[in-house]
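Hi there,

Here is the structure I promised to pass on to you. Have a look at it first, and then read on for what turned up in it.

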Amino acid sequence: MTVKVYTDGACRGNPGPGGWGVYIIYDDKTEELFSGDPSTTNNQMEMQAALSALNHLKACDDNIELFTDSNYLRQGITEWIHKWKINNWRTAAKKPVANKDLWIAIDELNNVMKVNWNWVKGHAGDPGNEKADELANKGADSVS
């Protein structure tokens, strides 16, 4: 079985109060997860959504198709992270990688799970992305 997961983050100001949302689609059911943080950034909420989804599904042995509208998240976990680790968590500009703790946590789960990372255009009518966005806003509203 393949589990479809849509993740999204929202922030009221950047930084500011924010939220994350996860919409999970199994063969026979769906699940919704969301929460918020009173002081965060949009990128942190995008990452927290993915981390929360993977933590929720870590006992799952199925293939996971994860959809995000954040190129920062998708490219970070599929491309940039390999160089960051080689360069002792420094960017190409020799600066410390932002959100290192979240990257490490996501990477640890990603390495033991079967995750395929997909980018989807945000606010473009994709039902799963729209639902994750709704949940992320609900998370942001809960702390605003």
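Before we start, one term: a residue is called buried if its relative accessible area is under 20%, and exposed if that area is over 50%. Please also keep in mind that this is a predicted model.

Let's begin with helix H3, which spans residues 100-110. Which of its residues are buried? They are Leu102, Trp103, Ile106, Asp107, Leu109 and Asn110. These residues cover an arc of only 165° around the axis, so they sit on the same side of H3. On the face of H3 turned away from the buried side you will find the exposed residues Asp101 and Glu108.

What covers the buried residues of H3? The cover includes helix H1 (42-57), helix H2 (71-86) and strand E5 (115-119). H2 packs against H3 at an angle of about 95°, and their axes are 11 Å apart. That angle makes H2 roughly perpendicular to H3. On the H3 side, the residues that meet H2 are Trp103, Ile106, Asp107 and Asn110. Their counterparts in H2 are Tyr72, Leu73, Gly76, Ile77, Ile81, Trp84 and Lys85.

**The sheet**

Next, the strands. Five of them form an open sheet with mixed pairing, in the order E3-E2-E1-E4-E5. E3 and E5 stand at the edges with a single partner strand each, so one side of each has no neighbour in the sheet. On average, neighbouring strands are turned by 20° against each other, direction ignored.

How do strand E1 (residues 2-11) and E4 run relative to each other, parallel or antiparallel? They run parallel, and six bridges join them. Helix H4 lies across E1, strand E2 (16-25) and E3, and runs at about 140° to E2.

**Salt bridges**

Finally, the charged pairs. Side chains of opposite charge can pair when their charged atoms come close. How many salt bridges are there in this model? The count comes to five, and here are some of them.

Lys131 forms a salt bridge with Glu32, with 3.3 Å between the closest N and O atoms. Lys131 belongs to helix H4 (residues 127-141) and Glu32 to strand E3 (residues 30-40), so this pair ties together parts that are 99 residues apart in sequence. Glu32 has a relative accessibility of 40% and counts as partly exposed.

Lys131 also forms a salt bridge with Glu134, where the closest N and O atoms are 3.1 Å apart. These two residues are three apart in helix H4, which means that about one helical turn separates them. Glu134 is partly exposed, at 45% relative accessibility. Through shared partners, Glu32, Lys131 and Glu134 are joined by salt bridges into one network.

Another salt bridge links the side chains of Lys114 and Asp61, at 3.8 Å from N to O. Lys114 lies in the loop between H3 and E5, and Asp61 in the loop between H1 and strand E4 (63-68), so the pair ties together parts that are 53 residues apart in sequence. Lys114 is partly exposed, with a relative accessible area of 42%, whereas Asp61 is exposed, at 61%.

Enjoy exploring the model!

Best wishes

Terms used:
Residues numbered from 1 in each chain as written. Predicted model: local features only at pLDDT ≥ 70, side-chain atom pairs only at ≥ 80, totals over all residues. Heavy atoms only, no water. Buried < 20%, exposed > 50% of the residue type's maximum accessible area, 1.4 Å probe, protein only. Helix = DSSP H or I, 4+ residues; strand = E, 2+ residues; numbered from the N terminus. Arc of directions from axis to C-beta. Contact = heavy atoms within 4.5 Å. Salt bridge = Lys/Arg side-chain N within 4 Å of Asp/Glu carboxyl O. Pairing = 2+ DSSP bridges. Axes fitted to C-alpha atoms, helices over the stretch in contact; angles between N-to-C directions. Parallel < 35°, antiparallel > 145°, perpendicular 65-115°, else oblique.
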